[in-house]
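Please look at the sequence and the structure before reading on.

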Amino acid sequence: MSVILGLATMNNSAAALFVDGKLVAAVEEERLTRVKNDGAFPHHAITEVLRIGGLEFSDIDEVAVYWQPWRMAGRGVGTVRKILQSPSAAKSVTTRIGALFSSKSATEGPQESGWMDLFRVRKILTTEHGPCDFKLHYINHHLTHQLYAEAMRDWDSFVSLSYDGGGEESSTIVTTVRNGKREGIADHRWPNSLGHFYSAFTGFLGFKMLEGEYKMMGLAPYGKPIYRDAILKEILLLEDNGGYRVNTTLCDYHSALRGVFHPRLEELFGEARTPGTAPNERHIDLAASVQAAFEDALHHILGPVRKANPDLRKLVISGGCALNVTANGTLISKDTFDEIIIPPAPHDAGCAVGAALACVPHDKVDLTSVRNPYQGAEWDTAAITTALDSCCAQPQTALGQAEFLEQVTGLLADGKIIAWFQGRAEFGPRALGTRSFLADSRKDSIRDDINAKIKKREHFRPFAPSVAEEAASDFFEIDQSSPYMNIVARVRDERAADIPAITHTDQTARVHTVSQSANPLYHALLTKFGEKTGVPVLLNTSFNIQEPIVYTPENACATFAASGVDALVIGDFVVLREALKEESPSKAVA
């Protein structure tokens, strides 16, 4: 038996476990600690994937880590250059370097894994989990992104793009794969980072960096890109042959983390938005301009690759920037590529899977398991019943599937909002139909109900649809599957009035196509809802309230009790709100 543990140890830390080439579990640390975007060394996730796999730590043969920490020369040169160009950035850069190279103590808030931990992986693991004689591998960061993403399809020839804040030395990598042979095409070095460019403006617009980027993306369609030319002239400079350069003097990511911005930004775009205040028209137009410039840069990078390789019409996208679903959609809508694929966890958490994949012989990989986004725990009826007994006034009755689907679709068609907890937990940031809040996409007013009573989030952020795969092209201008909710597509003109709750202001939606093979129960729910209403489309948003997505039945019960949701559908049980005890578990225990 071959047992390989893959690790992502900073930012969105995670663990993944392969047994004889099959991915048996992958879990993000945040799901277990309940600390959003937890960057601690993933001890809880390691314990959990081993529990799911029925193994002990001593059973592990190999450990694969998602960085090669000794390859930092490029970062060092880039850092020195930033400081020389902008001495005011020195404090921000050195503060960030200090954070990377040391772990916070327990008294300093949530534990963050430091850069130096990468050199001490063996000691950290054996100290926490016990003795184990394993081989230790350090894998190139962008390669871990790419290997995970490329496993999503059986393509033997394609273009592969990985871009994020930055890897060891590079921030953007473009590779071609032709008949299985890899060739590096473009290597854009840090600090010229589209991820850092986008994050810095996230901070300028008053959102929390490394978390609020999707808020800026949701705000962008409400504005006009009137500042795009200024951005492309002074900040994000597009160079010959698909190159780009970020003017880090004006757009300094590390300073932005401290809430410090160059005066020139306010000369160009006005004052930075104060967090918590309502965005004004200028802020909204700036969000639109940043998004437009980002998309221009993306097409600029890929343009020469397409021209030089006209036969490669398929694209794999990975890295944190792959979460920019709007930009992803433009690559199809503008016919840049015929088909694209993004994995369920394109950000750093997914590198835990990619690192382990680098150690599995290619012909031994169980691709079906890697493509399955449901990699967390599943809970049996006994565990669910125990959780329900703690929050319900009376024992709940399990339903047969026919009655179950009839009751749930009836609630949804009547305008009720339900919390849906079924099967194994998703891996990655998207709720893909096992840990979701669901509602009727036909009712426009339901968006305000969810925002006010449940999600407590900004009104301008859109909600995503789940649609039965066979009906997707009837409602959306998309000719490919989107199983991991990573592509924005235009809602068809004739259907926009049918699904207003998930149609954004620019008549687009972040589509999640659901096949019967991928998620039989969720597909059956969508199909039954379609039979009842004529619209096999549900509003789907993550089952959480300003916290990580729920993971356990206890999390589900506590978040349900703290929300305004009408029913909790967990396992074979449909629990109405009136079934809760008067003093139900508080959200704090979620």
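The lining of the second largest pocket has 12 nonpolar, 8 polar and 10 charged residues. Here Ala, Val, Leu, Ile, Met, Phe, Trp, Tyr, Cys and Pro count as nonpolar, Asp, Glu, Lys and Arg as charged, and the others, Gly among them, as polar. The model is predicted, with local features needing pLDDT of at least 70 and side-chain atom pairs pLDDT 80 or more, while totals for chains, interfaces and linings use all residues. Residues are numbered from 1 along each chain as its sequence is written, and side-chain values use heavy atoms, without hydrogens and water.

The pocket holds about 650 Å³ of space. Of its 30 lining residues, Thr326, Gly329, Thr330, Ser333 and Thr508 lie nearest the centre. Helix H12 (281–308), helix H13 (325–333) and strand E16 (487–490) each give at least two residues to this lining. Helices (H or I, at least four residues) and strands (E, at least two) are DSSP runs, numbered from the N terminus.

There are also 2 cavities of 30 Å³ or more. On a 1 Å grid over the protein atoms alone, a cavity is a set of points where a 1.4 Å probe fits but cannot get out, and a pocket is an open set with protein on both sides within 12 Å along at least five of seven lines; lining residues have an atom within 4 Å of a point. Grid points are joined across faces, edges and corners, and a volume is the space filled by probe spheres set on the points.

| Cavity | Volume | Lining by class |
|---|---|---|
| Largest | about 50 Å³ | 5 nonpolar, 4 polar, 2 charged |

Helices H7 (194–204) and H10 (253–257) each supply at least two residues of the largest cavity's lining. The second largest cavity is lined by Ile341, Ile342, Ser482, Pro483, Tyr484, Met485, Asn486 and Ile487.

How do two helices pack? Two packed helices are described by the angle between their axes and the distance between the axes. Helix H17 (residues 401–413) and helix H20 (residues 520–533) pack at about 60 degrees, with axes 9 Å apart. Axes are lines fitted to C-alpha atoms, for helices over the stretch in contact, and angles run from 0 to 180 degrees between N-to-C directions. H17 and H20 are therefore oblique to each other; angles under 35 degrees count as roughly parallel, over 145 as roughly antiparallel, 65 to 115 as roughly perpendicular and the rest as oblique.
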